[in-house]
Amino acid sequence: METSLQLKPANPRTTSVPNDLDAFWLPFTPNRAFKRAPRFITRAKDMHYFTPDGRAVLDGLAGLWCTNAGHNRDPIVAAIKREAEELDYAPAFQFAHPKSFELASRVAALAPADLNRVFFCNSGSEAVDTALKIALAYHGVRGESARTRLIGRERGYHGVGFGGISVGGIVNNRKLFGTLLAGVDHLPATYNREHQAFTKGEPEWGAHLADELERIVALHDASTIAAVIVEPMAGSTGVLPPPKGYLQRLRAICDKHGILLIFDEVITGFGRLGHAFAAERYCVTPDLLCFAKGVTSGAVPMGGVIARDSVYEAFMRGPEHVIELFHGYTYSAHPLACAAGLAALDLYRDEGLFERAKKLEQVIAEAAMTLKGVPNVLDVRAVGVAVGIDLASRPGAVGKRAYEVMEHAFHDEDLLVRVSGDTLAIAPPLIVTEAQLAEMFEKTARAIRAVA
Ligand SMILES: Cc1ncc(COP(=O)(O)O)c(C=O)c1O
């Protein structure tokens, strides 16, 4: 194929860029558009990415909602190097290395109440599939095997495994992939622009939407329902904070009917909403909590599920030589991921990054709301260190305007933002300064205007 890419690294410290773009099929990317005008990143430090020609690009999305401690932090880099020299790999089936236990204890200590048992995997998608499987098996081992139904939510994003897309509610992620899991229902999305536009934090309107769970229970009977899974704050679909009281209501209905509640905290975990987990912010304890991304500050792939004691204990029965849960991954608790995770958690603690996120919440919300009135901005939502900006779609071309804003921001404003449909997301590393936040929204406003 022909490519317009003729870049040579101007800076000898940068990695050379590939000159053949054919082989790599990029995920969640319009490949032809990208290969016509690629956006290369070759280096990163703290709040910035660097392009092959040496431009510093302000990272408005913590990579992909994951580098919460900032990029290439020395303690994390050093921990990964040390571990690679000491223990490249150890199986987690029937054997273990000490750092896996240490990290599990540290993660459990950050989670509220009796969320004390940690199952490791390698991504958010795997975390979701793991949680759904644990929920089904939990009812099975307790003699309630009729509880097979799973309830997700419209607009939910739970990764790309078949479990995740089945309970997820993003049409394009589902429509070409067959019949998906059977026995899945969806709660309605919690967003309503008429009632919620330009809200800072959790909207007042919408708690009643949790009652839809009662309707689903009435339809199928509680004895057939295993679990409900929601993102406490729906991130990927465009930053939808939960209406005030909504999660508490979901919890109460689940309790009433013996249904497990799963929080998918792949984005909200590790400080994004000013707490270790959103469960703490909302004072709601789920039965299973999925995490990934921020656990290693994005440096090594890792995910996991935290289960309440009661869930774990339900499996600890039968002969002791028999495996209790037939599930796991070759790379569960990989030594490099555990080392990176421990170093990331140290950084979060030592630099008070979750508390910092809490303090920044008002600042980012105010900076974000300056976009109100910019042409084509329909709504801005801000919660924790996360902002969603809805743009008016171009007639007949949903997603084109936001894509153009993202391209313009990267090439002309040296800013990385994320797009999903015609929604922009901004969620920088938690080390972001107030000045950088102001800069981010000024750049975003200029980019939106530039493509108007
Ligand atoms: C809430 C949520 N769950 C699951 C995932 C999937 O994570 P991964 O891409 O690591 O599989 C994501 C990714 O953004 C997410 O936001």
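Biologist: Which residues are around the ligand?

Modeller: Ser123, Gly124, Ser125, Tyr157, His158, Gly159, Glu231, Ser236, Asp264, Val266, Ile267 and Lys293, each with a heavy atom within 4 Å of the ligand. Bear in mind this is a predicted model, where local features need pLDDT of at least 70, side-chain atom pairs count only at pLDDT 80 or more, and totals for chains, interfaces and linings use all residues. Numbering runs from 1 along each chain as its sequence is written, and side-chain values use heavy atoms, with hydrogens and water left out.

Biologist: How many of the shell residues are nonpolar, polar and charged?

Modeller: Three nonpolar, six polar and three charged. Asp, Glu, Lys and Arg count as charged, Ala, Val, Leu, Ile, Met, Phe, Trp, Tyr, Cys and Pro as nonpolar, and the others, Gly among them, as polar.

Biologist: What does the side chain of Ser125 do with the ligand?

Modeller: An N or O atom in that Ser125 side chain is 2.6 Å from a ligand oxygen; a polar contact is a pair of N or O atoms within 3.5 Å. Ser236 has a polar side-chain atom 3.4 Å from a ligand oxygen, and Asp264 has one 2.7 Å from a ligand nitrogen.

Biologist: Switching topic: what does Phe291 touch, sequence neighbours aside?

Modeller: Beyond four places in sequence, its contacts (heavy atoms within 4.5 Å) include Val107, Phe120, Glu265, Val266 and Phe277.

Key
Polar contact = N/O pair within 3.5 Å; in protein donor to acceptor, adjacent residues only side chain to side chain.
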